[in-house]
Amino acid sequence: MFVTLSLIAIAMLVALWVLAKVLHYPRNICVLFFTSPLLACIGPTVTFIGGLLATKIAPSEKLATLPLTLMIVGTALGTIIVSQLNQRLGRKQATNIGYGLALIGCLLAMFSAVQGWFYLLLLATLFMGFSIAFSLQLRFAAIESVASTQSASAVSVLMLSGIFAAILGPEMALFSKDWIASEHGYAGSFLGLAILISISFAGFQLFSNPIVQDSQQQHSMAGRNLSQIIKQPSFIIALGSGAIGYGLMSFVMTATPLSMHDMMGHSLADTKWVIQSHIAAMFLPSFFTGLLIKKFHTGTVMATGTIMYALVIIVALSGQHVMHYWWALVLLGVGWNFLFTIGTVILPESYQSHERYKAQALNDFVIFFTQALASLLAGWLLFTSSWDYVVLTMLPFVLLMSLICAWHIKRRMQPLKTERMGDQARD
């Protein structure tokens, strides 16, 4: 396991060198590429061991997904506060506060595992969720750090770094699990997570606040009300893609470790492999997502992500062997990558630069509030019904995503039709 961690560290450094020296990305992108996955280890760590620890210390097994839910609730609630802090303090100073909250959360979780205090674990994951809200806003900092023509590739690079979190988080959780003696286990896992976050914090100090130039006209404008911004088709489509994509992903992913390990009796190693593969599938497509968007446009990529989610339903209903879970979770990860990336890329079309903080805050609040509800319902549905029922619940939302996708493609095709009609008229 130590060898695996060492190989991950070497791979991260090599990728960082390629970004900086070969591809000549700006320093901010390189800094975020290195620091974001270390901080993002919070998500896969809590996903992997949060439910397993909760089943040992929670009053009822039906509350096993509550730590993950509280983490996502913290993320949703934190987006509003983060938006204000980013505007007043700048992204760097605001994110430093997020790092502090992450470390506090790790220490509280470690103590809760030692003492067996379930409600302290909930408070810990809530703090971790607040910290994630800070880190997620950095995808907009990546967009602001490059030219508008490079926004898709910048987001793809940042999301690609998440593959390291997919492997590093669960590996570190198992490697450090017994660093601290605990009757309930996993206390050392949160100490290992705290070490990763501390390394990320040190590297993040090389980040510089991106400079966004507002036009003279924008300086004289107070900005539109949110009610005006959210009525735009581009905002609705971006929000729908992000919220449905994230909500369904969280819904199925949260239920998977409990269904695999606690209900079907699959080994912890197999469960870890499926979760790692899923999170890797969430970020690995970022190698080519930006290129796909440039070549085939956002509508085609959005449609592909929606089809992936439909395939998840088919595969997951086919059986509950390890490979059924594996294929379903891999397809789920790829579909999430396409839908979430598209939502992030389309969103800036709905606001001017001086409106960005409130538009980004509302977008992320809705997305992560949806994710929180999904993760909470996942555990309740799983233990009160079955895995198949959890999977079938995806169906109406996949159909809704199909309608949003069709609307987006129709809007994108309209300018092309107008242009062709103009060419025909000139001929």
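Student: Over the ring of which residue does the charged end of Lys 295 sit, and how far is it from the ring centre?

Tutor: A charge is taken to sit over a ring if NZ of Lys or CZ of Arg is within 6 Å of the ring centre and within 35 degrees of the ring normal. Here, the charged end of Lys 295 sits over the ring of Phe 296, 5.6 Å from its centre. A further case is Lys 177, which lies over the face of Tyr 186 at 6.0 Å from the ring centre. Before we proceed, please note that this is a predicted model, in which local features need pLDDT of at least 70 and side-chain atom pairs count only at pLDDT 80 or more, while totals for chains, interfaces and linings use all residues. Residues are numbered from 1 along each chain as its sequence is written, and side-chain values use heavy atoms, with hydrogens and water left out.

Student: How many aromatic pairs does the structure hold?

Tutor: Rings of Phe, Tyr and Trp (its six-membered ring) pair if their centres lie within 6.5 Å; planes under 30 degrees apart count as stacked, over 60 as edge-to-face and the rest as tilted. The structure holds 16 aromatic pairs. In one of them, the ring centres of Phe 33 and Phe 164 are 6.0 Å apart and the planes meet at 85°, so this pair is edge-to-face.

Student: Which helices hold Phe 33 and Phe 164?

Tutor: Helices (H or I, at least four residues) and strands (E, at least two) are DSSP runs, numbered from the N terminus. Phe 33 belongs to helix 2 (residues 27–40) and Phe 164 to helix 9 (residues 162–175), so their pair ties together parts that are 131 residues apart in sequence.

Student: Is Phe 33 buried or exposed?

Tutor: Buried means under 20% relative accessible area, exposed over 50%, and partly exposed in between (1.4 Å probe, protein chains only). Phe 33 counts as buried because its relative accessibility is 3%. Phe 164, at 11%, also counts as buried. Turning to another pair, Tyr 246 and Trp 336 have ring centres 5.4 Å apart and planes at 80°, so they too are edge-to-face. That pair links distant parts of the chain, with Tyr 246 in helix 13 (residues 233–263) and Trp 336 in helix 16 (residues 322–346), 90 residues apart. Both Tyr 246 and Trp 336 are buried. They belong to one aromatic cluster together with Phe 283, Phe 340 and Phe 368.

Student: How many salt bridges does a search of the whole structure find?

Tutor: A salt bridge is a side-chain nitrogen of Lys or Arg within 4 Å of a carboxyl oxygen of Asp or Glu. The search finds six. In one, Arg 139 and Asp 364 have their closest N and O atoms 2.7 Å apart. This pair links distant parts of the chain: Arg 139 is in helix 7 (residues 138–144) and Asp 364 in helix 17 (residues 356–384), 225 residues apart. Arg 139 and Asp 364 are both buried.

Student: Which residue forms a salt bridge with Glu 171?

Tutor: The partner is Lys 272, with the closest N and O atoms 3.1 Å apart. Glu 171 lies in helix 9 and Lys 272 in helix 14 (residues 268–283), so the pair ties together parts 101 residues apart in sequence. Glu 171 is buried at 8% relative accessible area, and Lys 272 is buried at 13%.

Student: With which residue does Lys 177 form a salt bridge?

Tutor: Lys 177 is bridged to Asp 178, the closest N and O atoms being 3.5 Å apart. Lys 177 counts as partly exposed at 23% relative accessibility, whereas Asp 178 counts as exposed at 60%.

Student: What is the phi of Tyr 186?

Tutor: Most residues other than glycine have a negative phi. Phi of Tyr 186 is near 75°, a positive value in a residue other than glycine. Tyr 186 is found in the loop between helix 9 and helix 10 (187–204), and is buried at 7% relative accessible area. His 297 likewise has a positive phi, of about 75°; His 297 lies in helix 15 (residues 286–316) and counts as exposed at 53%.

Student: How many disulfides does a search of the whole structure find?

Tutor: A disulfide is a pair of cysteine sulfur atoms within 2.5 Å. The search finds zero. For Cys 41, the nearest cysteine sulfur is that of Cys 106, 10 Å away. Cys 41 is buried, with a relative accessible area of 0%.
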